[in-house]
Amino acid sequence: MESSGPWVPGPGLSLLLLLLPPLLSAGSFQHDVLNWRNFHHLDFGWKTIHRYLSPDWGSLHRSIRSKASKLHDCDGAFDLYLVLDASNSEGNTWNEVCDLTERLLKRFTNPKLRISLITYSSVSSVLLPLTSDRNELKKGLQRLREIRPSGTRRLQDGLRKAGDEIAKVYTANKKAASMIYALTAGPLDQWTVWASQREASRFKNFKTKFYAIGMKNSQRNQLIQIVGGKTQAYEVPKPNDMEGFIISLVGNSCKQVMGGDSYYACVGDQSECLQEAQQQRP
């Protein structure tokens, strides 16, 4: 027997209707604080919807997620230097280093963006000189995967190499904007921390934005010492949180290097991070 009561949308459609407005509003992405924990929750919500929706609706939500994801890409044109840990002590993480590098670079979409790959261990090497040629970048990433990690972790040598490369560009063009992602896959001895701080102090002369990324058993307090602030030190999370982490890192750093207001995704104590972010705002 058919019911004569008013029609009420099912749980899947109701949830979709609640989520669609904020997802389709670009402004909501531009003004909300990026926090990878929040994005992880949103991803779970979409998985829940998928169980309720028909295949056609499933295609719609995949399209919306794709467009939403693009709002977190960085379309700036500047110079990006990746300084990567190729030491032997964390050789079993090398594939993860390469994977993270590739996933980060996919977020930078401007064809005028120039990229350089630098590796460090007992010695440092410019694996890929600064280039905007995407074919050269592809070859550089292939060479990166062919590296066999060896030697000790001398981050300061990698930072010095990056500083030397930036100095060449800055000498010719004082308006050149640059940013460094330095990745370390383990703890550093105290001499390396001190020497890395000294190298990092050069970057202020070039107005270079500097971010440190820690993997595995790296020590966050050491990264903070080197970069000079909590909001520039990131720790790579578990694989299921990786996408939100990348969105936060790229969103924050892209805003910084492009001179806009920055988002701050807290990776430590929430109250401490919020206080520091507020202090750093103009």
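Which residues of the largest nonpolar core touch the most other members? In this predicted model, that core holds 38 residues, and those that touch the most other members are Leu80, Leu100, Phe108, Tyr181, Ile213 and Phe245. Two or more residues each are given to this core by strand 1 (79-85), helix 5 (94-105), strand 2 (114-120), strand 3 (124-131), helix 6 (134-146), strand 4 (178-184), strand 5 (209-214) and helix 10 (242-257). The most comes from helix 10, which gives 7 residues.

For Leu80, once its neighbours within four places in sequence are left aside, the residues in contact are Leu105, Phe108, Leu113, Arg114, Ile115, Ser116, Leu130, Met179 and Tyr181. Two of these, Phe108 and Tyr181, are also named with Leu80 among the core residues that touch the most other members.

**The protein as a whole**

The protein has 11 helices and 6 strands, and 49% of its 282 residues are buried. When contacts between residues at least 6 apart in sequence are considered, 73% of them join residues at least 24 apart. The accessible surface comes to about 14900 Å², and carbon and sulfur atoms account for 53% of that area.

**Salt bridges**

The structure holds 15 salt bridges, and the table sets out three of them.

| Pair | Closest N to O distance |
|---|---|
| Asp73 and Arg107 | 3.0 Å |
| Arg107 and Glu243 | 2.1 Å |

Side chains of opposite charge can pair when their charged atoms come close. Arg107 takes part in a salt bridge with Asp73 and in another with Glu243. Asp73 lies in the loop between helix 4 (55-70) and strand 1, whereas Arg107 lies in the loop between helix 5 and strand 2, so the pair ties together parts that are 34 residues apart in sequence. The salt bridge between Arg107 and Glu243 also links distant parts of the chain, since Glu243 belongs to helix 10 and the two residues are 136 residues apart. Arg107 itself is buried, with a relative accessible area of 6%, while its two partners are partly exposed, Asp73 at 23% and Glu243 at 35%.

Through salt bridges that share partners, Arg154, Asp157, Arg160, Asp164, Glu199 and Arg202 are joined into one network.

**Ser124 and its surroundings**

Asp157 also meets Ser124, a residue of strand 3: a polar atom of the Ser124 side chain lies 3.2 Å from the backbone oxygen of Asp157. Is Ser124 buried or exposed? Ser124 has a relative accessible area of 18% and therefore counts as buried, the cut-off for that class being under 20%. Leaving aside neighbours within four places in sequence, the residues in contact with Ser124 are Thr119, Asp157, Gly158 and Lys161.

**Helix 8**

Glu199, a member of the salt-bridge network, is one of the buried residues of helix 8 (residues 190-200), together with Thr192, Val193, Ala195, Ser196 and Ala200. An α-helix has 3.6 residues a turn, so residues three or four places apart point the same way. Against which elements do the buried residues of helix 8 pack? Their packing partners are helix 7 (155-172), strand 5 and helix 9 (220-227). At the start of helix 8, a side-chain oxygen of Asp189 comes within 3.2 Å of the backbone nitrogen of Trp191.

**An exposed loop residue**

Lys238 sits in the loop between strand 6 (233-235) and helix 10. With a relative accessible area of 61%, Lys238 is exposed, because the cut-off for that class is over 50%. Lys238 and Lys216 are separated by 22 residues in sequence, and their C-alpha atoms are 9.7 Å apart in space.

How values were computed
Residues are numbered from 1 along each chain as its sequence is written. This is a predicted model: local features need pLDDT of at least 70, side-chain atom pairs count only at pLDDT 80 or more; totals for chains, interfaces and linings use all residues. Side-chain values use heavy atoms; hydrogens and water are left out. A nonpolar core is a set of buried Ala, Val, Leu, Ile, Met, Phe, Trp, Tyr and Cys residues joined through side-chain atoms within 4.5 Å. Buried means under 20% relative accessible area, exposed over 50%, partly exposed in between (1.4 Å probe, protein chains only). Helices (H or I, at least four residues) and strands (E, at least two) are DSSP runs, numbered from the N terminus. Contact means heavy atoms within 4.5 Å. Accessible areas come from the Shrake-Rupley method with a 1.4 Å probe; for residues, only the protein chains shown count as cover. A polar contact is a pair of N or O atoms within 3.5 Å; within protein, one must be able to donate a hydrogen and the other to accept it, and residues adjacent in sequence count only if both atoms are side-chain atoms. A salt bridge is a side-chain nitrogen of Lys or Arg within 4 Å of a carboxyl oxygen of Asp or Glu.
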